[in-house]
Every structure is written in C-alpha cells, then in structure tokens.
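Dear colleague,

Please find the structure below, together with its sequence.

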Amino acid sequence: MRAASEPHRHKQQLQAKFDNYYLLTKQNKTDPVSLYLNSLAATGRRSVKSLLISSTTVLGFEGPLEAMPWNLIEYQHLAQIRNNLNQQGKAANTINLALSSVRGVMKACFNLGLIKADQLLLINNIKPVRCQRLPSGRSLTTSEVQKLHRVCDQDKTIAGRRDHALIALMLATGLRRSEVVSLDISDYNSRTGLLNIHMGKGRKQRLAYLNSESRSIIRQWRKLRGDQPGSLFNPVSRSGKVLSRPLVSQSVYDIIKQRAEQAQIGSVRPHDLRRTFVTQLLEAGVDLNTTRQLAGHQDIQTTARYDFRSEKLQKKAVQQLTR
C-alpha cells in the first residue's frame, strides 16, 4: 500500500510546484525566460532563445519557452542536456552556451523567488564540456586584403562605395556585423576618425579609432550617402538610390561573400575580418591586453583564439622549402 502511494505523492508534489510556479509568475507579471532574454543585448537574444528551445526539447517539452515550468529544472536535467547535445555532435562552445543560457533562466527563477538557493547552487555546479578544437575561420593575408580593397575600389557605383567603406571599417576596427548595422551616422566623427560603438556584445560601449586610409574610403561613401540622420550604412536600390533604413546583418554577410568571390580570395565570412584585425594588431607588436580592449573582448582568452599568427608563419615556412 505504501509503495503504491509513493508515485502518487510524488505526482502531487510536482503538481503543487507546477501550480505554485504559475501563481508566482502571474503575481510577478513576468516569467523567468522573458526576464533573462530581456537582460541580453538584442543582437544575442535570437541565438540564445534557439539554444533554450533545443534544451527544452531534449527534456521532452515542446511548448512555448514562457510556458515551461522552469522551477522543476534540477542538476540532472542540465546533465541530460549536456550529454544529449554532445551525442548529437554539437560543438563544445554550443553545448556550453546552451548550459549557460539555462543557468541564466534559472538565476532569473531564483531572483523571482521561484526556486531556492540550494537548487541554483547545484545547477551551477554542472561541468562544462572540455574540448580542444582548431580555431574556426581564418585571418586574411596582406595580399588578400589588398585584393578585397581593389575589387571594391574598381566598382564606382554607389553600392560599390558603400561596400568598400563597410569592409574598410570592419578591417580597421574589427567590429562584429551586429555592431556595424547598429551604427548611426552620428556615431562617427569624420574629423577625428573616432567611432562610438553602442551595441557591443553584452551591451558594452567602447570607442574605436579609424586610420587615415579607412577614413578616406568612408568619406567617399558619406559624400554619396548625404548627411541625413540615420544609419551609417544603408541599402542601395537597383536604381542607385540610398534608402533610409539600415542594412541588416544578413546583408553584411552577403556583401562580404560577394566581394570575396569577385576578388578570388576564397570563402570569407564577416567574422574573418575581425580575426584579421586582431591578428594584424598582434603582428604589429600590440600587446594582447590592448588588443583585447580594441576588439571589445571581456576575456583575454577569447582574444587569444583570434590569433592566427602561427598559421601564417607555418604557411610562410612551407613556401620557403625547396624541392
């Protein structure tokens, strides 16, 4: 009789937790996943939300994230997410970001009074996935950068001037494409070359300084764009009209892909320009911490992963070998 009542008692306890969760979220007029996502920079919410959906799917929940009873998540559930994503062959960074995202929601649960400190403490003890991988992407060589500039310079259309300015700015500052599309014309001081970046990762603000060459290229685009308020980089219609709305992130990806193909330098992604920026600073003798600050990284280890100097040296050494 007692054995038969145990599952029933457990079910009642879960139901009580379930009911209490929705009562408290109604009283708080928010839910933990919305609270957590709203605390992130707008540019990062989509990817984090996607990882949260993947994580809840592993646990067998298929409803909206806001309807998930997050207060029921415990240590073993995060272990299940980690192991399942690992079995799916997901990259270590992806798995760890998924775990971090779930922990972020659980911290919001604690702040809303939905879980106790001991539950959060156990959840935070889940170990990340350790994996030594080769760095993704690449750093462009000096010759490839010159070819990219040349192919843009040869395009005398308004779109060509814009693309050249966009690429020159990214190579000179190492901005992420999400940061580029968020730039306003008022963020750039054409007289001093100072760029104010508002939409950095984690909503951090920082300043960037453009060199004289990139300033000259951007000046040509600014002259065609005009001084009307709005985004620094805009779409251009087929008739050559500069539109008032900002470029979207996908457009930046498409522009760089197209120009790299025209320059015949192989596949280039927007983040490769950021890797090139970091590598060139280190090649010029700039110390790692200063490079970290210029790139807008919080962790110096992240900056170190953008260092492709050894790869370039290896290529150079092989090229010097005689048959």
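This is a predicted model: local features need pLDDT of at least 70, side-chain atom pairs count only at pLDDT 80 or more; totals for chains, interfaces and linings use all residues.

Residues are numbered from 1 along each chain as its sequence is written, and side-chain values use heavy atoms, with hydrogens and water left out. Helices (H or I, at least four residues) are DSSP runs, numbered from the N terminus.

Helices α4 and α5

Helix α4 covers residues 75-87 and helix α5 residues 92-111; their axes come within 10 Å and cross at roughly 160 degrees. Here axes are lines fitted to C-alpha atoms over the stretch in contact, and angles run from 0 to 180 degrees between N-to-C directions. The two helices are therefore roughly antiparallel (an angle over 145 degrees). The crossing of α4 past α5 is right-handed, a term used if the near helix is turned clockwise from the far one by less than a right angle. On the α4 side, the contact (heavy atoms within 4.5 Å) is made by L78, I81, R82, L85 and N86, and on the α5 side by I95, A98, L99, V102 and R103. Of these residues, seven are nonpolar, one is polar and two are charged; Ala, Val, Leu, Ile, Met, Phe, Trp, Tyr, Cys and Pro count as nonpolar, Asp, Glu, Lys and Arg as charged, and the others, Gly among them, as polar.

Helix α6

In helix α6 (residues 117-124), Q119, L120 and I123 are buried, that is, under 20% relative accessible area with a 1.4 Å probe and protein chains only. Viewed down the axis of α6, the buried residues fall within an arc of 95 degrees, so they line one face of the helix; the arc is that of the directions from the helix axis to the C-beta atoms. These buried residues pack against α4 and α5. D118 and L121, on the other side of α6, are exposed (over 50%).

Two individual residues

S55 lies in helix α3 (residues 42-58) and is buried, with a relative accessible area of 1%. Not counting residues up to four places away in sequence, S55 touches I81, A98 and V102.

I115 sits in the loop between α5 and α6 and counts as buried at 7% relative accessibility. Leaving aside neighbours within four places in sequence, I115 is in contact with N71, M106, C109, F110 and L120. I115 and I73 are 42 residues apart in sequence and 9.5 Å apart in space, C-alpha to C-alpha.

Yours sincerely

Note on methods:
Angles under 35 degrees count as roughly parallel, over 145 as roughly antiparallel, 65 to 115 as roughly perpendicular and the rest as oblique.
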